[in-house]
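Subject: Structure handover

Hello,

Here is the structure I promised to pass on. Please open it alongside this email; my notes follow below.

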Amino acid sequence: MLINKVLPAIVEKCPMGMKIGTIKIQQDDNALSHIKINDPAFLQAVAQTNLDIQLYCQPPNSPDLNVLDLGFFRSLQTMQEKRNAQ
């Protein structure tokens, strides 16, 4: 999935010669279907893109570290509370 779908989409959005920083891909919850951060096929595919793409894994079972729980869902809840108050 990462090699066949995500990397080509990133390359399509970042034209050659465009100066960008490190692109970080986070894999939530370390599910068994996710690849390891040092997967040889992934590293080889990234090397062919000429982009600085790094893979990160969120520790398993750590809702206190989940970015979505800390920010995104809380902002949705706030928006809903404002809408219900009107």
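A term to start with: a residue is buried under 20% relative accessible area, exposed over 50%, and partly exposed in between. Keep in mind that this is a predicted model.

With those cut-offs, Phe 73 is partly exposed, because its relative accessibility is 43%. Phe 73 sits in helix H3, which covers residues 67-85.

Now the overall picture. The protein chain has 3 helices and 2 strands. Along the sequence they follow the pattern α-β-α-β-α. Of the 86 residues in the chain, 20% are buried. The chain exposes about 6800 Å², and carbon and sulfur atoms supply 57% of that area. Take the contacts with a sequence separation of 6 or more: 63% of them join residues 24 or more positions apart.

Helix H1

H1 runs over residues 2-13, and Leu 2, Leu 7 and Ile 10 are buried in it. Viewed down the axis of H1, the buried residues fall within an arc of 55°, so they line one face of the helix. The other side of H1 carries exposed residues: Asn 4, Lys 5 and Glu 12. What lies over the buried residues of H1? The cover includes strand E1 (23-27), helix H2 (40-49) and strand E2 (53-57).

Cys 14

Cys 14 is in the loop between H1 and E1. Is Cys 14 buried or exposed? Cys 14 is buried, because its relative accessible area is 13%, and the cut-off for buried is under 20%. Setting aside neighbours within four places in sequence, Cys 14 is in contact with Ile 20, Ile 23 and Leu 51. Cys 14 and Thr 49 are 35 residues apart in sequence. In space, their C-alpha atoms are 10.0 Å apart.

Helix H2

Thr 49 brings us to H2, the helix that holds it. The buried residues of H2 are Phe 42, Ala 45, Val 46 and Thr 49. Down the axis of H2, these residues fall within an arc of 100°, so they line one face of the helix. Pro 40, Gln 44, Ala 47 and Gln 48 are exposed on the other side of H2. The cover over the buried residues of H2 includes H1, E1 and E2.

Thr 49 itself counts as buried because its relative accessibility is 10%. A polar atom of the Thr 49 side chain lies 2.6 Å from the backbone oxygen of Val 46.

Asn 50

Just after H2, Asn 50 takes a positive phi of about 60°. Most residues other than glycine have a negative phi. Asn 50 has a positive value and is not a glycine. Its place is in the loop between H2 and E2. Asn 50 is exposed, because its relative accessible area is 61%. Thr 49, by contrast, is buried at 10%.

Best wishes

Notes: Residues numbered from 1 in each chain as written. Predicted model: local features only at pLDDT ≥ 70, side-chain atom pairs only at ≥ 80, totals over all residues. Heavy atoms only, no water. Helix = DSSP H or I, 4+ residues; strand = E, 2+ residues; numbered from the N terminus. Buried < 20%, exposed > 50% of the residue type's maximum accessible area, 1.4 Å probe, protein only. Arc of directions from axis to C-beta. Contact = heavy atoms within 4.5 Å. Polar contact = N/O pair within 3.5 Å; in protein donor to acceptor, adjacent residues only side chain to side chain. Areas by Shrake-Rupley, 256 points an atom, 1.4 Å probe, with all protein chains shown as cover.
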